[in-house]
Amino acid sequence: MDLLFRIRGGLDLAFQLATANEIFVKKALKHVLSDLSTKLSSNALVFRVRHSSVYVWPNSDMNTVPGELTDSSACQTILRFLQVRKLLVDAIHNQLTDMEKCILKYMKGTSIVVPEPLHFLLPGEKNLVTILYPSGIPDGQLQAYRKELHDLFTLPHDRPYFKRSNAYHFPDEPYKDGYIRNPHTYLNPPNIETGMVSLIRYIRLSSLHAGSDR
């Protein structure tokens, strides 16, 4: 990936239930998601570029970028963001549709699951693929769904590409699966003054790396 744009933030999904009826809950859910989709098409939708004072209104072509930006400008990242802002809005609309499918597929009675967006970098692809998983349901119960995803993206079934532990990890976020990727990070530096350098021969070492169940 040459440049990755990520939208961070939340969407409020709330509605009142007049009755604890599954059919009513599904209708209310579809209505509130449709309302959210309408709001995303509003000119009031605004993005802020992180760590900057730049605000962008993607549906009205307005922004707070001072002056003109070109390919030779120092802020090429912001220029690229302005160029793809409408694609980002379309991506949010698509994710709302996937959220609705995920909730309706895994809801039981009037109990609603929370969709969990995970991003995967598939072999041969330059862009991330976002998949909505139902939070609270373990990977062991999602094998059939992952097989469907493998068929959808024409992937072999000999590796769990869509397992939660294989989701793309953003550099500024901690890992949530408990695996230690680099154990040396947590080691204190040795006392070089009292240390002794030795050469060891004819010893074969093997180790099991964290996350080797992938």
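Two strands pair if DSSP finds at least two bridges between them. In this predicted model, β1 and strand β2 (residues 55-57) are joined by 2 bridges. The two strands run antiparallel. Within this part of the fold, phenylalanine 47 stands opposite valine 56 in β2.

The pairing belongs to an open sheet of 3 strands. Its order is β1-β2-β3, and the pairing is antiparallel. β1 (47-48) and β3 (62-63) stand at the edges. Each has a single partner strand, so one side of each is left without a neighbour in the sheet.

The largest nonpolar core has 36 residues. Phe47 is among those with the most contacts inside it, together with Tyr106, Phe120, Leu122, Ile131, Tyr133 and Phe162. Several elements give two or more residues to this core: α1 (22-40), α2 (76-106), β4 (115-120), β5 (129-134) and α3 (143-152). The most comes from α2, with 9 residues.

Which residues does isoleucine 131 touch, not counting residues up to four places away in sequence? Its contacts include Glu116, Pro117, Leu118 and Phe120. Tyr145, Leu149, Phe153 and Phe162 complete the list for isoleucine 131.

Now turn to the aromatic rings. A search of the whole structure finds 6 aromatic pairs. In one of them, the rings of tyrosine 106 and tyrosine 145 have their centres 6.4 Å apart. Their planes lie at 70°, over the 60 degrees that the edge-to-face class requires, so the pair is edge-to-face. This pair links distant parts of the chain. Tyrosine 106 sits in helix α2 and tyrosine 145 in helix α3, 39 residues apart. Both tyrosine 106 and tyrosine 145 are buried.

Tyrosine 168 and phenylalanine 170 form another aromatic pair. Their centres are 5.1 Å apart, with 80° between the planes, and this pair too is edge-to-face.

Tyr106, Phe120, Tyr133, Tyr145, Phe153 and Phe162 form it. Among its members, Tyr106, Phe120, Tyr133 and Phe162 are also listed with the most contacts inside the core. Phe120, Tyr145, Phe153 and Phe162 are among the residues that isoleucine 131 touches.

Definitions and conventions:
Residues are numbered from 1 along each chain as its sequence is written. This is a predicted model: local features need pLDDT of at least 70, side-chain atom pairs count only at pLDDT 80 or more; totals for chains, interfaces and linings use all residues. Side-chain values use heavy atoms; hydrogens and water are left out. A nonpolar core is a set of buried Ala, Val, Leu, Ile, Met, Phe, Trp, Tyr and Cys residues joined through side-chain atoms within 4.5 Å. Buried means under 20% relative accessible area, exposed over 50%, partly exposed in between (1.4 Å probe, protein chains only). Helices (H or I, at least four residues) and strands (E, at least two) are DSSP runs, numbered from the N terminus. Contact means heavy atoms within 4.5 Å. Rings of Phe, Tyr and Trp (its six-membered ring) pair if their centres lie within 6.5 Å; planes under 30 degrees apart count as stacked, over 60 as edge-to-face and the rest as tilted.
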